[in-house]
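Me: I am new to this structure. Please show it to me, and then let me ask about it piece by piece.

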Amino acid sequence: MNQTQTRTIRLDTTNPNITLVSPTNNTYTNNPNVNFTINGTDNLGIKNLSLNVRNSSGFVNTTDFTNTNGNILTDLRSFVLNLIDGVYTWWANIFDWAGNSFTSLQNNTLTVDTINGTIQFVTPTEANNSYLNRNNTLINITASDTNLANITIYLINSTFLILGSSSIP
(Lines give C-alpha, C1' and ligand atoms only; values in the text may rest on other atoms or scores of the structure.)
Protein backbone atom coordinates (compact mmCIF):
# COMPACT_ATOMS: atom_id res chain seq x y z
CA MET A 1 0.00 0.00 0.00
CA ASN A 2 1.33 3.39 -0.96
CA GLN A 3 1.09 6.31 1.42
CA THR A 4 1.60 9.96 0.76
CA GLN A 5 2.38 12.41 3.51
CA THR A 6 2.18 16.14 3.21
CA ARG A 7 4.58 18.27 5.19
CA THR A 8 4.58 22.00 5.44
CA ILE A 9 7.88 23.80 5.76
CA ARG A 10 7.99 27.52 6.40
CA LEU A 11 11.16 29.23 5.28
CA ASP A 12 11.74 32.32 7.40
CA THR A 13 14.78 34.49 6.74
CA THR A 14 13.19 37.73 8.01
CA ASN A 15 14.46 39.10 11.29
CA PRO A 16 11.87 40.09 13.88
CA ASN A 17 11.78 43.68 15.13
CA ILE A 18 11.67 45.16 18.62
CA THR A 19 10.99 48.75 19.71
CA LEU A 20 11.63 50.38 23.08
CA VAL A 21 8.34 52.09 24.01
CA SER A 22 8.86 53.42 27.54
CA PRO A 23 10.45 54.93 29.46
CA THR A 24 11.73 57.24 26.74
CA ASN A 25 15.44 57.88 26.37
CA ASN A 26 17.03 60.15 29.01
CA THR A 27 14.12 59.83 31.43
CA TYR A 28 14.58 61.03 35.02
CA THR A 29 12.25 59.54 37.64
CA ASN A 30 11.90 59.65 41.42
CA ASN A 31 9.91 56.40 41.41
CA PRO A 32 12.04 53.27 41.93
CA ASN A 33 9.29 51.07 40.39
CA VAL A 34 9.92 51.53 36.69
CA ASN A 35 7.57 50.17 34.01
CA PHE A 36 9.58 49.11 30.94
CA THR A 37 7.48 48.53 27.81
CA ILE A 38 8.72 46.91 24.61
CA ASN A 39 6.91 46.06 21.36
CA GLY A 40 7.97 43.06 19.32
CA THR A 41 6.82 42.04 15.84
CA ASP A 42 7.56 39.15 13.50
CA ASN A 43 6.18 38.01 10.16
CA LEU A 44 5.56 34.38 11.26
CA GLY A 45 5.68 34.23 15.06
CA ILE A 46 7.52 35.53 18.13
CA LYS A 47 9.20 32.97 20.36
CA ASN A 48 10.97 35.10 22.98
CA LEU A 49 11.34 38.70 24.15
CA SER A 50 14.13 39.77 26.51
CA LEU A 51 14.48 43.02 28.47
CA ASN A 52 18.02 43.90 29.58
CA VAL A 53 18.74 46.55 32.22
CA ARG A 54 22.29 47.43 33.27
CA ASN A 55 23.81 49.97 35.66
CA SER A 56 27.44 51.02 36.06
CA SER A 57 28.29 47.86 38.01
CA GLY A 58 27.10 45.51 35.27
CA PHE A 59 23.93 43.63 34.50
CA VAL A 60 21.14 44.24 36.96
CA ASN A 61 18.33 42.33 35.31
CA THR A 62 17.49 40.29 32.26
CA THR A 63 13.81 39.44 32.06
CA ASP A 64 12.61 36.92 29.48
CA PHE A 65 9.12 36.19 28.23
CA THR A 66 8.61 33.09 26.10
CA ASN A 67 5.49 32.64 23.97
CA THR A 68 4.18 29.07 23.89
CA ASN A 69 1.93 29.89 20.93
CA GLY A 70 3.87 30.15 17.67
CA ASN A 71 1.25 32.36 16.04
CA ILE A 72 1.83 35.60 17.98
CA LEU A 73 2.95 38.21 15.44
CA THR A 74 2.85 41.30 17.70
CA ASP A 75 3.59 41.40 21.42
CA LEU A 76 3.43 44.59 23.50
CA ARG A 77 4.99 43.58 26.81
CA SER A 78 5.55 45.49 30.09
CA PHE A 79 7.94 44.60 32.88
CA VAL A 80 7.98 46.48 36.23
CA LEU A 81 11.36 46.48 37.96
CA ASN A 82 12.26 47.93 41.36
CA LEU A 83 15.55 49.81 40.93
CA ILE A 84 17.89 51.60 43.32
CA ASP A 85 19.12 55.13 42.61
CA GLY A 86 21.46 55.29 39.65
CA VAL A 87 21.83 55.60 35.91
CA TYR A 88 20.65 52.63 33.85
CA THR A 89 20.95 51.59 30.22
CA TRP A 90 18.26 49.32 28.83
CA TRP A 91 17.63 47.49 25.57
CA ALA A 92 15.68 44.49 24.29
CA ASN A 93 16.13 41.36 22.18
CA ILE A 94 13.59 39.35 20.20
CA PHE A 95 13.77 35.84 18.73
CA ASP A 96 11.40 34.10 16.34
CA TRP A 97 10.68 30.37 15.94
CA ALA A 98 13.10 30.06 13.00
CA GLY A 99 16.00 31.28 15.14
CA ASN A 100 16.16 34.78 13.67
CA SER A 101 16.91 37.48 16.22
CA PHE A 102 17.15 41.22 16.57
CA THR A 103 18.50 43.61 19.22
CA SER A 104 16.91 47.04 19.62
CA LEU A 105 18.69 49.70 17.60
CA GLN A 106 19.09 52.00 20.57
CA ASN A 107 20.04 51.70 24.20
CA ASN A 108 17.84 53.99 26.27
CA THR A 109 19.15 55.70 29.39
CA LEU A 110 17.11 56.07 32.59
CA THR A 111 18.06 57.86 35.81
CA VAL A 112 16.38 56.90 39.10
CA ASP A 113 16.78 59.60 41.76
CA THR A 114 14.65 59.19 44.90
CA ILE A 115 16.68 61.52 47.14
CA ASN A 116 15.37 65.08 47.54
CA GLY A 117 17.81 67.91 47.08
CA THR A 118 18.66 70.31 49.90
CA ILE A 119 18.49 74.09 50.02
CA GLN A 120 19.84 76.56 52.57
CA PHE A 121 19.31 80.31 52.77
CA VAL A 122 22.64 81.87 53.73
CA THR A 123 23.88 85.37 54.58
CA PRO A 124 22.99 88.06 53.46
CA THR A 125 19.46 86.65 52.96
CA GLU A 126 16.91 88.42 55.16
CA ALA A 127 15.43 86.45 58.06
CA ASN A 128 12.01 84.82 57.55
CA ASN A 129 9.03 87.20 58.10
CA SER A 130 11.27 90.29 57.80
CA TYR A 131 9.65 93.69 57.18
CA LEU A 132 11.66 95.85 54.81
CA ASN A 133 11.20 99.47 53.79
CA ARG A 134 12.86 99.21 50.36
CA ASN A 135 12.03 97.96 46.88
CA ASN A 136 14.64 95.18 46.64
CA THR A 137 15.82 92.17 48.53
CA LEU A 138 18.89 90.01 48.32
CA ILE A 139 18.52 86.24 48.45
CA ASN A 140 21.52 83.95 48.66
CA ILE A 141 21.10 80.18 48.69
CA THR A 142 23.19 77.05 48.65
CA ALA A 143 21.59 74.06 46.91
CA SER A 144 22.73 70.50 46.54
CA ASP A 145 21.31 67.62 44.52
CA THR A 146 22.79 64.73 42.57
CA ASN A 147 20.78 65.63 39.47
CA LEU A 148 20.20 69.36 39.95
CA ALA A 149 18.24 70.77 37.01
CA ASN A 150 17.34 74.29 38.16
CA ILE A 151 16.60 76.54 41.15
CA THR A 152 13.52 78.77 41.17
CA ILE A 153 12.93 81.44 43.81
CA TYR A 154 9.46 82.97 44.27
CA LEU A 155 8.84 86.25 46.09
CA ILE A 156 5.34 85.99 47.62
CA ASN A 157 3.45 88.68 49.55
CA SER A 158 1.20 88.17 52.61
CA THR A 159 -1.82 87.30 50.42
CA PHE A 160 0.24 84.64 48.62
CA LEU A 161 0.41 86.66 45.43
CA ILE A 162 3.61 85.97 43.52
CA LEU A 163 5.42 89.29 43.18
CA GLY A 164 8.32 87.90 41.21
CA SER A 165 10.37 84.84 40.44
CA SER A 166 13.81 83.98 39.23
CA SER A 167 15.20 80.73 37.86
CA ILE A 168 18.76 79.60 37.57
CA PRO A 169 19.25 76.85 34.98
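Reply: First, a term: helices (H or I, at least four residues) and strands (E, at least two) are DSSP runs, numbered from the N terminus. This is a predicted model, where local features need pLDDT of at least 70, side-chain atom pairs count only at pLDDT 80 or more, and totals for chains, interfaces and linings use all residues. Residues are numbered from 1 along each chain as its sequence is written, and side-chain values use heavy atoms, with hydrogens and water left out.

Me: Where is P23 placed?
Reply: Strand β1 covers 17-22 and strand β2 covers 27-29. The peptide bond from S22 to P23 is cis, with omega near 0 degrees. P23 sits in the loop between β1 and β2.

Me: What is phi of N26 near?
Reply: N26 is also placed in the loop between β1 and β2. N26 has 52% relative accessibility, so it counts as exposed. Its phi is positive, in a residue other than glycine, and near 65 degrees.

Me: Is G45 buried or exposed, and why?
Reply: G45 lies in the loop between β3 (33-41) and β4 (46-55). Contact means heavy atoms within 4.5 Å. Leaving out residues up to four places away in sequence, G45 touches G70, I72, L73, D96 and W97. Its relative accessible area is 1%, so G45 is buried.

Me: How far apart in space are G45 and N71?
Reply: N71 belongs to another loop, between β5 (58-66) and β6 (74-82). In sequence, G45 and N71 are 26 residues apart. From C-alpha to C-alpha, the distance in space is 4.9 Å.

Me: Is N71 buried or exposed?
Reply: N71 and N43 are 28 residues apart along the chain, with C-alpha atoms separated by 9.5 Å. The relative accessibility of N71 is 58%. Therefore N71 counts as exposed.

Me: How many salt bridges does the structure hold?
Reply: A salt bridge is a side-chain nitrogen of Lys or Arg within 4 Å of a carboxyl oxygen of Asp or Glu. The side chains of D75 and R77 meet in one, at 3.0 Å from N to O. E126 forms one with R134. The count for the structure is two.

Me: How far apart are the closest N and O atoms of E126 and R134?
Reply: E126 is partly exposed because its relative accessible area is 30%. R134 is partly exposed too, at 43%. Their closest N and O atoms are 2.4 Å apart.

Me: Which residues does P124 contact, leaving aside neighbours within four places in sequence?
Reply: P124 is in the loop between β10 (118-121) and β11 (141-144). A cis peptide bond joins T123 and P124, with omega about 15 degrees. The C-alpha atoms of P124 and L138 are separated by 6.9 Å, though the two are 14 residues apart along the chain. The contacts of P124 are L138 and N140.

Me: Is N129 buried or exposed?
Reply: N129 lies in the loop between β10 and β11. It is not a glycine, yet it has a positive phi of about 65 degrees. Its relative accessible area is 64%, so N129 is exposed.

Me: Which residues lining the largest pocket are the closest to its centre?
Reply: On a 1 Å grid over the protein atoms alone, a pocket is an open set of points where a 1.4 Å probe fits, with protein on both sides within 12 Å along at least five of seven lines; lining residues have an atom within 4 Å of a point. Grid points are joined across faces, edges and corners, and a volume is the space filled by probe spheres set on the points. About 660 Å³ of space lies in the largest pocket. Of its 18 lining residues, the closest to the centre are A127, N128, N129, S130 and L155.

Me: Which element gives the most to the lining of the largest pocket?
Reply: The element gives four residues to that lining. Y154 lies in this strand, residues 151-156. The element is β12.

How values were computed
Buried means under 20% relative accessible area, exposed over 50%, partly exposed in between (1.4 Å probe, protein chains only).
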